[in-house]
Amino acid sequence: MRAIVLALGLILHACLAAGFPVEEEMLFPAPETERRELSILSTTDTGVLRPLIAAFQVREPDVAVRYTVASSQAVYAAIHDEGLSFDLVISSAMDLQMKLANDGFSAPHDSTATDRLPAWAHWQDRLYAFAQENVVLIASRSGLGGLPLPQTRRDLIELLRGHPDRFRGRIGTYDPELSGAGYLFATQDARQSDSFWRLAEVMGGLAPRLYTSSNEMITDLKQGRLVLAYNVLGSYAEPRLAGDDDAVVIELEDHTLTLLRTGLIPVTARAPDLGGQFLDFLLAPEGQRLLRDEAGLPRIDEAALSRGPHLRPMRLEPGLLVFLDGLKRRGFLDEWAAALSQD
Amino acid sequence: MRRAPLSLRLRLVLQLLGIAAVLAIVLYFTVRTVADQAAEATQDGVLGAATLAIAESLQGGEDGVGVDLPYEAFSILGSISADRVFYRIEAGGQTLTGYEDLPLPEAAGAAVAPVFYSRAYRDTEVRIAAVNRMVLVARKPVPVLVLVAQTRQGQEAIAQRVAQRAAALGLGSFALAAVLSLLTAGNVLRPINRLADAVGRRGPHDLRSVDQPTPAELRPLIFALNGFIARLRGALSRTETFIAEAAHHIRTPLATVRARAEIAMRQSNSEETRETLRAVIRAVEESSRSAGQLLDHATVVYRSDRMADEALDLAKLVEAQAEAFRPTADLKDLTIRVTGTDQPVTVRGDRPLIEAALRNLLDNAIKYSPDETTVDLSLATGTEARIEVSDRGRGLSGQAQARLAKRFARGKNAGDIIGSGLGLTIVEEVAAAHGGRFELTERDGGGACARLFLPLG
């Protein structure tokens with residue numbers, strides 16, 4: 001199934017004339033006579049949201065859905081720089097979404113579904129979170145060879161320092177330079193505690209492998225190329241590692257970031273009402289249930305946050321803009337590069 | 001046509017409402033202004049703090065100005081309200097980072113404290129804080145300008161909420177004031193209404209001064225009213241005294257004229273002269289009777305204001321009056337038949353008034369009775385005392401008693417009998433003064449029947 005989608009996506013990609021790097025584009029034709037088309041630009045894989053699109057089309061049988069997947073940077077640039085027209089923009093890069101909303105690229109939207117959201121899950125009436133995902137550490141038991149599973153960053157640093165040979169070349173994490181999500185995680189980690197920089201220095205001495213997606217890290221861990229992968233999206237890791245006895249998903253106890261996957265309706269939308277309708281569907285109880293059960297994305301749940309005192313939800317606030325500042329970004333990446341190549 | 005002036009209550013209520021409305025509007029705008037200023041001051045404070053925090057992070061060096069945007073500076077801007085944030089850092093005329101089109105302040109001074117101004121920016125309106133700093137680059141001072149801008153949707157939302165509350169407050173206080181002004185108007189006007197009531201409730205002859213307790217403001221009115229009443233009372237009393245004296249002064253010479261005429265008649269041999277003198281005597285008699293009635297009437301009017309209230313035996317009074325009229329009755333060969341006076345019937349009242357009434361009843365009956373008939377005078381008691389005088393005269397000829405009892409009114413069929421028309425008026429007024437009543441009806445078999453009812457004492 002996944003292969004077919006991918007194949008279709010690649011074919012469509014070839015046909016696409018848009019001037020930005022599309023990873024996949026999929027058209028879900030209307031079940032009945034097509035009257036309207038909803039175009040969604042998203043960083044989320046088509047496979048994840050497919051059940052929701054299908055359920056949405058059962059309700060609105062005259063709507064065709066064009067679903068375009070791109071990297072978070074490309075999604076941001078398509079709206080912010082190129083002014084392309086989409087009815088809904090879904091992204092896990094909270095900072096870039098926040099900047100789109102802050103800079104006025106997001107149209108206001110209000111409904112009973114959005115009214116139900118807790119205050120921390122939306123920014124004004126322009127940016128709405130529909131899933132909350134923890135950023136986790138994944139480890140391979142066989143790769144650790146009986147070493148204890150780290151529960152905090154301090155444990156992790158000691159583990160890496162104590163057994164450099166075991167971990168050399170077998171630790172994976174995001175490349176913050178290339179990946180928007182990786183940059184967001186790294187900067188938020190750095191805000192949360194100083195242990196991040198010590199961890200970076202330790203990892204730097206162990207020739208880490210740098211990735212641009214969680215899925216690649218999960219694949220490499222499953223295939224034994226990695227022992228540890230730091231800052232992986234739990235929503236991707238948990239379903240894929242569910243049947244794997246060797247792999248463990250660890251929420252570090254000193255702090256575990258919680259990412260909000262957000263949607264916004266661009267001011268350039270051709271059918272903003274359709275975009276709003278789909279957003280409301282994602283936020284409504286049925287959509288939230290489908291997200292959890294079918295798409296594997298944890299729903300917006302205030303209780304989960306109070307149950308996990310180690311969870312640090314990233315807030316939708318102007319602070320997210322700070323690390324997007326050119327100077328600030330340069331400074332941070334320089335420091336990251338310096339930490340990684342200290343030897 | 002003159003328009004009737006507005007009622008005092010309406011005038012008072014309208015004026016109080018006007019004042020309440022003005023106060024409510026003033027309250028609304030005051031609350032709004034104060035709240036707006038407070039909200040703006042708060043947001044300016046936070047915005048200024050964020051701007052200063054960024055300015056503090058500026059660093060000099062050999063290659064240029066360095067800035068490390070503090071996360072918290074931006075984070076705190078989102079803590080009060082979800083507003084959009086823009087910033088711009090300019091060093092030596094070049095935009096170092098941020099939004100290059102963010103408007104600069106008009107006067108760029110070396111301000112240590114932030115300067116605030118509002119501008120239209122992009123699709124919205126922003127409040128901007130600007131701070132100037134000198135930074136040493138390669139040992140030369142370079143001016144750096146830090147701008148942080150924030151939309152004011154949060155503040156507007158607060159202002160809107162405050163405006164709603166203020167409007168509710170204004171309306172509420174207006175409604176309260178409206179109720180209170182109605183109550184106040186009622187309260188203020190109550191003494192006036194009480195006074196009007198007290199004066200309005202008075203009987204037609206009640207000319208006592210008003211001694212209602214009233215507020216100081218009404219005292220001149222009471223004073224004037226009492227003065228007016230006193231003058232009226234004086235005038236009435238003078239009039240009645242005048243009439244009484246006039247009647248008295250007329251009666252005495254009339255008696256002399258009559259005596260002289262009778263003597264002259266007896267001495268005269270000429271039938272013609274005697275006839276003339278008889279006419280003179282009749283006229284004198286009638287004038288004397290009219291004078292008597294005028295005197296009676298004046299007495300009734302004068303006394304009914306300050307009536308005596310004593311126990312009287314009607315039986316005795318009726319007997320006495322019947323006795324007094326017997327000589328007059330004998331002249332016409334009339335019989336006065338008195339019944340019901342064998343036991344006392346007590347009423348409370350004023351003796352001269354009741355006597356005047358009885359006198360006039362009997363006088364009327366005798367005057368209208370043909371010769372050689374009987375006048376029935378009966379006294380009876382039931383729930384009230386009843387004095388009935390019946391004659392065999394010409395009756396009422398179908399005219400209503402109400403008209404006959406009017407002062408100076410006489411029956412249509414009374415043309416040939418001399419009378420002033422005051423008699424029945426006097427009877428009716430005495431009855432009213434004693435809380436009784438007077439009836440005049442046709443008598444079965446011809447004649448009239450007059451009944452005077454008086455409450456038992």
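The following questions and answers look at packing, domains and salt bridges in a predicted model.

Visitor: What should I know about the numbering and the model before we start?
Guide: Residues are numbered from 1 along each chain as its sequence is written, and chains are lettered from A and ligands numbered from 1 in the order in which they are written. Side-chain values use heavy atoms, with hydrogens and water left out, and because this is a predicted model, local features need pLDDT of at least 70 and side-chain atom pairs count only at pLDDT 80 or more, while totals for chains, interfaces and linings use all residues.

Visitor: Are helices α1 and α2 of chain B roughly parallel or roughly antiparallel to each other?
Guide: Helix α1(B) covers residues 8-56 and helix α2(B) residues 71-80, where helices are DSSP runs (H or I, at least four residues), numbered from the N terminus. They pack at an angle of about 170° with their axes 9 Å apart, the axes being lines fitted to C-alpha atoms over the stretch in contact and the angles running from 0 to 180 degrees between N-to-C directions. Angles over 145 degrees count as roughly antiparallel, and α1(B) and α2(B) are therefore roughly antiparallel.

Visitor: How many nonpolar residues does the contact of α1(B) with α2(B) have?
Guide: In this contact (heavy atoms within 4.5 Å), residues of α1(B) including V46(B) and L47(B) meet residues of α2(B) including F74(B) and I76(B). Ala, Val, Leu, Ile, Met, Phe, Trp, Tyr, Cys and Pro count as nonpolar, Asp, Glu, Lys and Arg as charged, and the others, Gly among them, as polar. The contact of α1(B) with α2(B) has no charged residues, two polar ones and a nonpolar count of 10.

Visitor: How far apart are the centres of domain 1 and domain 2 of chain A?
Guide: The bounds, which come from an automatic or database domain assignment, are 2-132 + 259-316 for domain 1 of chain A and 133-257 + 322-340 for domain 2 of chain A. The contact takes 20 residues from domain 1 of chain A and 22 from domain 2 of chain A. Taken over C-alpha atoms, the separation of the centres of these two domains of chain A is 27 Å.

Visitor: Which residue of chain B forms a salt bridge with K328(A)?
Guide: Chain B puts 22 residues in contact with 22 residues of chain A, and across their interface there are two salt bridges, each a side-chain nitrogen of Lys or Arg within 4 Å of a carboxyl oxygen of Asp or Glu. With the closest N and O atoms 2.6 Å apart, the partner of K328(A) is D68(B).

How values were computed. Helix = DSSP H or I, 4+ residues; strand = E, 2+ residues; numbered from the N terminus. Parallel < 35°, antiparallel > 145°, perpendicular 65-115°, else oblique.
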